[in-house]
Amino acid sequence: MKNKAGIFFLILAPIIAFYIFVEKNAFNIGWNDDWHGIEGFLASWMQQTTFGEKIELLFSQMCEHRIIYVRLSTLLCYNLFGEVNYKILMLMGVSYLLILPFVFYRLLKEINAGLAYLVPVIFIIFNTQPIENIFWAITSLQPNTVIIFGLLGFCLLLFNKKGWAFYLANGLFFLAMFTNGNGMFSFLAAIPLVLYARTKSEKILYLVIVILSFWLYFHDFKKPGIRPDVMVNITQYPHIILGDFFAFFGSPIDSTVQVYDITVKHVIAIVVGLAMIGWLAVLLFTFLYYRFWPKAKKNMHNWFYRLYEKLLQYPKFNLYLLAAFVFVALSGAAFSVSRASQGLEQAFASRYKTVSIILFIILYLSSFNILPVSQWKKYLRISIVVTLLFNLFSYYESWDDVENRRRFFGTTILNWKNNGRYYYYAFENSRNPDDHAPITQYQKLPIPPYNYAGFVPGVMKYVNDILWISRVHFKNYTPPAEIDVMNKALYENQVTNTGSETVKVTDGSNTFHIELDNVFVPFGTRYDGYYAIFSNGKNRLAFPLETQANKFTNFISTRRFYNNRIDAIVAKPDLPSGQFSMKIGKLENNQFKVIKEQTISIQ
């Protein structure tokens, strides 16, 4: 009884901790694609007069994706709550993670492994490294859910013979495909499962569904101009494609919290990714060699042949792992090919790490093919310790990232609130808004175009345009009350700094280079930290001054989020033209302690 209680605790504790973390830190502020992909979509939806127009809008292309599930979730949220609430949308996205424990528990039953063997899987799933899932609604509802829909569909195809399971699985694959581009790989990865587990008529029907789905997806498909050309990436950056692929899967082993060295970070991630992909490739090619090569020598003294026999011992278990591996591997390959020219650092974007951590689960489960049953309990204990550390590491890594993001999002919405618009100029050195001025009268919105959906010249160009339409046409948008508190603290509760910080400002051609020494930001704060604020009679803007994540040793000794030094840039195009009072200081205990003040002019 005690043993069972302990198992349930180890399963439930990380899940509860994860959702407490999400609920505490996510808030109702949109970001980036959210503005046009969610609010822009809803504003457009309300103006489509016929059923056909609304269906066309649901399936319309956004960048290289069709995002029907994001749009359906938006409509559900609006109709249930009367507003687009980004926090609710983000909670909806991460709630789908609760499906995966049931999927993998069903898989573990195939090898007669008990509930305890699910514990490492839980520690891997419910970690906070995909931090953008709680700050970016589209990310939570798009690449995150696609993987979950695919993994659930594989389970239905393989472990349930009933017809409804077949149709539901295909529905999930279709939904995955029309939520994020890599969702189409779920159809391809499921082919071995269909061939193995489904009837002849279902196999034929599956082929028809796949063909129709791909035709519908690529019908009238347009290449987004905002994305690099894939053929250029393949011909000019094949080495980066390869590095991206392995770094993508090794990225959860992120060394930046220990070592501020980009080369070390990239090398560690690539080596880890190469090791994991290499091991799973060994399993795959071992099976293919002995299964399909007639001249293969079947000798029990050969380790690879014994591995092959073990793979055959659990056919459904390993077929599921094969489908999951193909799905995430193709997803990683598509990412690498499409993003190579943007540099290796793209592989570390947290919004893609849901895909990466699934490979860690596949690696853990695949190991039961080489371990004798007598060693399983020992392996389980080791796995629990390793994955627990992995889970705790994700929280440590996320601490400063959460605070940085909240400061950034907080000041972004604060700037919009104070100035009636979100300042953004498309061209370097541009000081004239030209046609970028916010709209002042109602205009009918078209179906968002594929090329950065929503920013139509003369109609929906910037964040404030969509927000203006949102406020006029449907209930939204109330910034969190804490934004008002920060606003008052920054601009009204100003005092002279009494600390030891020093600041140096270098006025460049297009930037302000700000260097701060002897800084200190304690652990557990919300918005406290260092800011540069700009104000005059017309405008008030604030920018958080951030630095890199802490080294572990530095955090233990000082409990600081940051090092002793901040080196930051404020871009002049982020400011409107005019003369400003620039104040650099520290927000602490609802007071802004001014370290340096000077008058600056933006031309």
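# Notebook: one chain, looked up piece by piece

I began with the surface: the accessible area of the chain comes to about 26100 Å², and 62% of that belongs to carbon and sulfur atoms. Areas come from the Shrake-Rupley method with a 1.4 Å probe, and for residues only the protein chains shown count as cover. The model is predicted, so I note the limits: local features need pLDDT of at least 70, side-chain atom pairs count only at pLDDT 80 or more, and totals for chains, interfaces and linings use all residues. Residues are numbered from 1 along each chain as its sequence is written, and side-chain values use heavy atoms, with hydrogens and water left out.

**Overall.** I found 23 helices and 10 strands in the chain. Helices (H or I, at least four residues) and strands (E, at least two) are DSSP runs, numbered from the N terminus. Of the 603 residues, 56% count as buried. Buried means under 20% relative accessible area, exposed over 50%, partly exposed in between (1.4 Å probe, protein chains only). I then looked at contacts with a separation of 6 or more: residues 24 or more positions apart account for 77% of them. Contact means heavy atoms within 4.5 Å.

**Cores.** I looked up the largest nonpolar core and got 150 residues. Phe104, Phe154, Tyr320, Leu365 and Leu490 have the most contacts inside it. Apart from it lies another core, of 23 residues, including Val521 and Ile600. A nonpolar core is a set of buried Ala, Val, Leu, Ile, Met, Phe, Trp, Tyr and Cys residues joined through side-chain atoms within 4.5 Å. Next I checked Tyr320. Leaving out residues up to four places away in sequence, Tyr320 touches Val103, Phe104, Leu107, Leu151, Phe154, Cys155, Leu158, Phe159 and Leu193.

**α6 and α9.** I turned to helix α6 (residues 99–109) and helix α9 (residues 143–159). They pack at about 35°, with axes 10 Å apart. Axes are lines fitted to C-alpha atoms, for helices over the stretch in contact, and angles run from 0 to 180 degrees between N-to-C directions. From α6, Ile99, Leu100, Val103, Phe104, Arg106 and Leu107 meet Ile148, Leu151, Leu152, Cys155 and Phe159 of α9. I sorted the residues of this contact: 10 nonpolar, no polar and 1 charged. Ala, Val, Leu, Ile, Met, Phe, Trp, Tyr, Cys and Pro count as nonpolar, Asp, Glu, Lys and Arg as charged, and the others, Gly among them, as polar.

**Asn25.** Buried or exposed? Asn25 is buried, at 5% relative accessible area. Asn25 sits in helix α1 (residues 2–25). Neighbours within four places aside, Asn25 is in contact with Ile134, Phe135, Val402, Arg406 and Arg526.

**Val495.** Val495 belongs to strand β3 (residues 494–496). Val495 is partly exposed, at 30%. I looked for its partners beyond four places in sequence: Val495 touches Gln591, Phe592, Lys593 and Val594. Val495 and Lys593 are 98 residues apart in sequence, yet 5.0 Å apart in space, C-alpha to C-alpha.

**Positive phi.** Most residues other than glycine have a negative phi. Asn518 has a positive phi of about 60°. I placed Asn518 in the loop between β5 (511–517) and β6 (529–535). Asn518 is partly exposed, at 43%. Phi of Asn590 is near 60°, also positive. Asn590 lies in the loop between β9 (578–588) and β10 (591–602). Asn590 is partly exposed, at 44%.
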